Amino acid sequence: MQETAVTPQQPDRRSSAGLTRRGLLGTATAAGIAAAVVPTRALAADNTVTDTTTPAAVTVGASDARYLDLTSRGYNARFVAAPDSIRLVHTTAQVVSVVQEAVDAGKRIGVRGGGHCLDSLVDDPDVRILVDMSEMDAVHYDPARRAFLVEGGATLGHVYRTLYLEWGVSLPGGTCPTVGVGGHVTGGGYGAMCRQYGAVVDHLYAVEVVVVDASGTARAVVATREADDPHRDLWWAHTGGGGGTFGIVTRYWFRAPDATGTDPSTLLPRPPKTLLKSTVAIKWTDLTEAAFTALIANHGTWHARNSVAGSSYDSLHSVLILYNRVQGSLVLNTQIDGTRSDASALLDAYVAAVTGGIGVPYTDARSSWPWLKTTLKDPYDTGLYNRTKSKGAYLRQGWSAAQAKTLYGYLSDATYDGHAGILLYSYGGKVNTVSPTATALAQRDSVLKANFTTYWPDAAQDDRHVAWMRALYRDLYADTGGVPVPNDTNDGSYINYPDTDLTDPAWNTSGVPWQTLYFKGNLAKLQRVKATWDPGNVFHHKLSVTAS
């Protein structure tokens with residue numbers, strides 16, 4: 001299927017259930033916001049609502065009471081946006097209009113979906129117009145494309161709930177329900193079902209993207225994964241090239257790569273009815289360096305041996321959380337398809353393999369939960385500890401004994417009072433059956449994914465905590481220039497765990513460019529796509545793909 005460019009005047013279709021909230025927003029007027037044009041709407045035969053005029057986006061200026069809420073939506077309180085205005089958009093046409101205004105005025109533009117960016121990519125002080133996508137959150141089935149349409153401002157939890165309750169399906173996306181689909185998908189996306197079904201981008205059928213051509217004209221283009229689509233390279237770039245680089249994605253369509261037919265309930269993965277869960281905890285007061293090292297070794301060895309697609313463990317998802325001493329314990333959280341007759345035995349064997357021979361006591365709490373209830377719980381609410389520094393890495397095998405010793409030294413330090421957590425997520429399986437060039441997501445033979453985090457509540461302590469995390473990461477990867485350079489054991493880093501330190505030669509002494517760490521062999525193609533679709537570099541941030 002070939003798709004043509006979408007003009008700004010194209011009618012926008014949405015369910016009537018979303019009309020009231022958005023219609024009210026569209027008519028609001030107050031100090032600091034522009035009065036919106038009220039659209040004329042007609043109810044079509046299929047019960048969708050069509051806009052026959054194009055309303056303006058809601059503009060919130062610095063004098064408006066809502067400005068503070070909208071600029072502090074970010075997950076990391078270290079960074080707070082300060083644009084001239086925030087634009088709450090509701091349609092693709094509005095996004096085109098706002099982008100055109102920004103281009104004409106020469107103003108830097110940024111885009112926010114869920115607000116979970118961990119570094120200063122969106123909340124950059126140079127951004128003058130911030131496009132807030134949060135009101136564009138529709139989820140429905142599109143029979144014309146035999147795919148599920150998800151607007152760019154939807155959060156993962158909203159998508160999971162709607163897809164599951166309406167059609168019994170879901171996406172193999174992330175485990176934090178408040179993450180925005182926009183950045184998550186464009187960065188590659190992974191989660192609890194990826195070992196069984198692949199990465200979320202493996203299910204991405206099409207994107208609608210607002211781009212700006214060489215003449216400075218903004219327009220919306222739909223690009224699909226169809227081999228004969230002349231815009232296919234634009235779709236490809238959004239399967240792991242990172243958000244905010246090529247344009248603004250207003251709509252996504254999802255369909256499993258091997259799906260056939262027209263029954264929506266068969267076009268995406270079906271989650272298990274229940275999940276069997278285990279929480280293993282090991283107290284720091286019982287932990288020794290030898291036990292810590294054995295735990296790391298066991299965990300890495302198990303994943304190196306059990307990450308082949310189609311194994312009995314393909315529905316297993318776990319995260320080993322290496323908390324620091326001040327938090328009391330290390331935790332291994334695991335879940336597996338609870339409908340399997342051997343689920344309990346598989347979970348027993350997994351826990352035994354990871355904890356075997358460590359020589360210290362641990363607790364193991366088991367429970368069974370409905371899939372949706374588990375999936376909609378937010379395990380990442382850090383409360384007042386809302387300032388953070390994060391880093392990432394892909395692992396082709398577990399960390400060495402020397403690396404475990406380094407981690408133990410940092411995490412066991414009783415004088416460090418930040419809330420640190422080095423999270424090792426299960427990976428591999430079906431993800432690794434896809435060619436590294438089939439999508440922009442280049443890491444296709446790793447077995448674990450690491451997220452390095454530390455949190456603290458006091459802005460006055462920023463420098464100390466950031467320095468601690470930088471030093472830990474540098475020392476952990478000392479043999480490869482302070483960063484996870486792709487080799488037999490490392491496979492670079494994950495763009496959705498953005499880390500601007502990788503661009504700094506003071507912290508990246510490897511000689512390997514930061515873009516290679518994220519995109520590996522796909523970088524050259526991403527640069528060509530950037531040059532084609534964003535020749536004026538309208539969409540950019542500190543970790544966006546450069547044209548050359």
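**View 1. Strand 12 is largely enclosed by the rest of the structure, because 6 of the 7 residues of this strand (residues 218-224) are buried.** Buried means under 20% relative accessible area, exposed over 50%, and partly exposed in between (1.4 Å probe, protein chains only). Strands (E, at least two residues) and helices (H or I, at least four) are DSSP runs, numbered from the N terminus. Two strands pair if DSSP finds at least two bridges between them. Ala206 stands opposite Thr224 in strand 12. Strand 11 and strand 12 form a hairpin with 5 residues between them. Gly216, in the turn, has a positive phi of about 85°.

View 2. Residues are numbered from 1 along each chain as its sequence is written, and side-chain values use heavy atoms, with hydrogens and water left out. Local features need pLDDT of at least 70 and side-chain atom pairs count only at pLDDT 80 or more, while totals for chains, interfaces and linings use all residues. pLDDT is the predictor's confidence in each residue, from 0 to 100. The protein averages a pLDDT of 90, and 90% of the residues score at least 70. Over residues 1-52, pLDDT stays under 50. For residues 1-52 the model has 106 contacts beyond four places in sequence; contact means heavy atoms within 4.5 Å. Where pLDDT is low, the predicted coordinates should not be read in detail.

**View 3. An open sheet of 4 strands has the order 5-6-8-7.** Its pairing is mixed. Strand 5 and strand 7 (109-112) stand at the edges with a single partner strand each, so one side of each is left without a neighbour in the sheet. Neighbouring strands of this sheet are turned by 25° against each other on average, direction ignored. Helix 3 (residues 92-105) packs on the sheet and touches strand 6, strand 7 and strand 8 (129-132). The direction of helix 3 makes about 170° with that of strand 8. Axes are lines fitted to C-alpha atoms, for helices over the stretch in contact, and angles run from 0 to 180 degrees between N-to-C directions.

**View 4. Strand 5 (residues 58-61) pairs with strand 6 (residues 85-88) in the antiparallel sense.** The two strands share 4 bridges. Val60 has Ile86 of strand 6 as its bridge partner. In a regular strand the side chains alternate between the two faces of the sheet. Val58 and Val60 point one way from strand 5, Thr59 and Gly61 the other way. All of these residues are buried.

**View 5. An open sheet of 7 strands has the order 17-14-16-15-19-20-18.** The pairing is antiparallel. Strand 17 (363-370) and strand 18 are the edge strands, and each pairs on one side only. The twist averages 15° from one strand to the next. Strand 14 (residues 274-283) is joined to strand 17 by 8 bridges. Ser278 stands opposite Arg366 in strand 17. Helix 8 packs on the sheet, touching strand 14, strand 15 (317-323), strand 16 (329-337), strand 19 (419-426) and strand 20 (448-456). The direction of helix 8 makes about 160° with that of strand 15.

**View 6. Ala393 lies in strand 18 (residues 387-395).** Ala393 counts as buried, at 0% relative accessibility. Leaving aside neighbours within four places in sequence, Ala393 is in contact with residues including Leu448, Phe452, Tyr477 and Pro484. Ile282 is 111 residues away along the chain, and its C-alpha atom is separated from that of Ala393 by 24 Å.

**View 7. Helix 8 (residues 289-305) and helix 9 (residues 343-355) cross at roughly 135°.** Their axes come within 7 Å. Helix 8 and helix 9 are therefore oblique to each other. Angles under 35 degrees count as roughly parallel, over 145 as roughly antiparallel, 65 to 115 as roughly perpendicular and the rest as oblique. Helix 8 contributes Leu295, Asn298, His299, Trp302 and His303 to the contact. Helix 9 contributes Tyr350, Ala353, Val354 and Thr355.

**View 8. Lys520 has a positive phi of about 50° although it is not a glycine.** Most residues other than glycine have a negative phi. Lys520 sits in the loop between helix 13 (514-519) and helix 14 (523-533). Lys520 is buried, with a relative accessible area of 19%. Asn537, in the segment after helix 14, also has a positive phi, near 55°. At 36% relative accessibility, Asn537 counts as partly exposed.
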